[in-house]
Amino acid sequence: MRVETTRVANPVRLQHMAGFYDSMPDLVGQALPLVSAAFARAEPVALAVRPTTERALHDVAGGAAGFVTLESAATARGSGQTMATRRARQLRELTAAGAVTVLTEHDHELDGVDGRYWTELDAAQSIALGDLPVSLVCFFPQFPLHLEILDGARRNHPQLLVAGERRRNPAHRSPRDVLAAIPASTPLLLGPPEVTLTYTAWQLHDVRCAVEQVLADVPTFVATRIEDVVLAVNEVATNAVEHGGHQARLALWVDDDELVCEVHDIGTLVEPLPGMRAPHPSQPRGRGLWIARQLCDVLHIWWDAQGTHVRLHAGP
């Protein structure tokens with residue numbers, strides 16, 4: 001898989017706004033003027049909303065022409081940073097021809113235990129989509145199950161949609177500040193790994209060999225995909241021993257023809273969501289986690305008192 005490893009620096013172009021609704025008719029009523037304005041500019045509208053909302057928008061807008069359906073957030077398995085990476089990849093293709101309006105909707109099934117997913121997702125989108133000509137409007141219920149959902153929405157969005165008008169949000173904070181207060185969530189624990197390996201920078205060859213050996217026994221992984229996954233794990237493993245201490249720990253699982261890998265180190269994570277944007281060409285280093293995010297199905301980074309942790313999922 002060819003991965004773009006650098007990008008020319010662009011100013012922030014993302015327009016990120018939150019809207020709040022109390023019913024389906026209210027949501028559709030707020031969204032319709034945004035859709036109509038985008039269509040009047042000959043601008044496509046990308047949707048990441050529930051199926052019932054999408055059908056309602058199609059009905060009131062007069063059909064599906066001009067709408068694009070984005071990938072379901074459920075595919076990111078509860079990782080907001082992974083969803084933002086995937087959304088950026090899809091929107092980068094859509095914006096190649098010009099600006100795009102994007103409408104998203106809260107889905108309570110993705111709340112997790114405390115609603116932190118939505119805070120992580122919006123902070124990650126602010127980073128990953130920052131240089132794209134996208135008008136992103138995120139709709140939230142006025143009374144969600146978790147208070148964190150509303151608090152996160154108010155902190156993450158520079159603008160608010162109020163009575164059909166864009167207004168500056170005085171509660172807005174930078175993604176770094178938001179995630180410093182609400183760190184990325186810890187994924188569910190897995191069972192005993194099939195392979196464990198403690199390694200140093202001098203043993204990265206052993207890390208690559210361990211991944212190759214595990215995947216060699218999985219018939220659905222072709223040689224080129226194995227190369228991609230080995231590269232992704234190597235980038236994560238290298239980052240751990242370069243920035244997180246002289247020693248790190250690798251764990252591997254194979255489940256349903258999918259590789260799951262975790263890398264743990266004792267370092268402190270300075271950048272809350274590393275690898276969300278490709279570095280500028282003038283930066284000689286720092287592309288490893290960006291590359292790994294592009295090559296994996298899921299890549300989730302979190303941190304705690306024991307250090308920094310990365311879990312990646314990679315299918316065939």
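The model is predicted. Helix α4 is largely enclosed by the rest of the structure, because 11 of its 13 residues are buried. Helix α7 has its buried residues on the same side, since they cover an arc of only 120 degrees around the axis. The whole structure contains 0 disulfides.

- Strands of a sheet pair through backbone hydrogen bonds, either parallel or antiparallel.
- β1 (residues 15–21) pairs with β6 (residues 159–162) in the parallel sense, over 3 bridges.
- In this pairing, A18 is placed opposite L160 of β6.
- β6 pairs with β7 in the antiparallel sense, over 4 bridges.
- V162 has E165 in β7 as its bridge partner.

**Helix α4**

- α4 spans residues 116–128, which makes 13 residues.
- From first C-alpha to last, α4 reaches 18 Å, close to the 18 Å expected at 1.5 Å a residue.
- Its buried residues are Y117, W118, T119, E120, L121, D122, A123, A124, Q125, I127 and A128.
- A128 belongs to α4 and has a relative accessible area of 1%, so this residue counts as buried.
- Beyond its neighbours within four places in sequence, A128 is in contact with A84, A88, R92, M276 and R277.
- A128 and R87 are separated by 41 residues in sequence, with their C-alpha atoms 8.5 Å apart.

**Helix α7**

- α7 (residues 204–216) has 13 residues and an end-to-end C-alpha reach of 18 Å, close to the 18 Å expected at 1.5 Å a residue.
- The buried residues in α7 are L204, V207, A210, V211, V214 and L215. They lie on the same side of α7 because their arc around the axis is only 120 degrees.
- An α-helix has 3.6 residues a turn, so residues three or four places apart point the same way.
- Q213 and A216 are exposed, on the face of α7 turned away from its buried side.
- The cover over the buried residues of α7 includes β8 (195–200), α8 (223–243), β9 (247–255) and β10 (258–265).

**E235 in helix α8**

- E235 lies in helix α8.
- Its contacts, leaving aside neighbours within four places in sequence, are with G288 and I291.
- E235 and Q306 are 71 residues apart in sequence, and their C-alpha atoms are 21 Å apart in space.

**Cysteines**

- A search of the whole structure finds 0 disulfides.
- C261 is in no disulfide, and the nearest cysteine sulfur, that of C296, is 8.3 Å away. A disulfide would need the two sulfur atoms within 2.5 Å.
- C261 has a relative accessible area of 1% and is therefore buried.
- C138 also counts as buried, at 1% relative accessibility.

- Most residues other than glycine have a negative phi.
- R77 has a positive phi, near 55 degrees. R77 sits in the loop between β3 and α3 (80–94) and counts as partly exposed, at 48% relative accessibility.
- A163 is not a glycine, yet its phi is positive at about 55 degrees. The place of A163 is the loop between β6 and β7.
- The hairpin of β6 and β7 has 2 residues between the strands. With a relative accessibility of 74%, A163 counts as exposed.

Definitions and conventions. Residues are numbered from 1 along each chain as its sequence is written. This is a predicted model: local features need pLDDT of at least 70, side-chain atom pairs count only at pLDDT 80 or more; totals for chains, interfaces and linings use all residues. Side-chain values use heavy atoms; hydrogens and water are left out. The expected span of a helix is 1.5 Å times one less than its number of residues. Buried means under 20% relative accessible area, exposed over 50%, partly exposed in between (1.4 Å probe, protein chains only). The arc is that of the directions from the helix axis to the C-beta atoms. Contact means heavy atoms within 4.5 Å. Two strands pair if DSSP finds at least two bridges between them.
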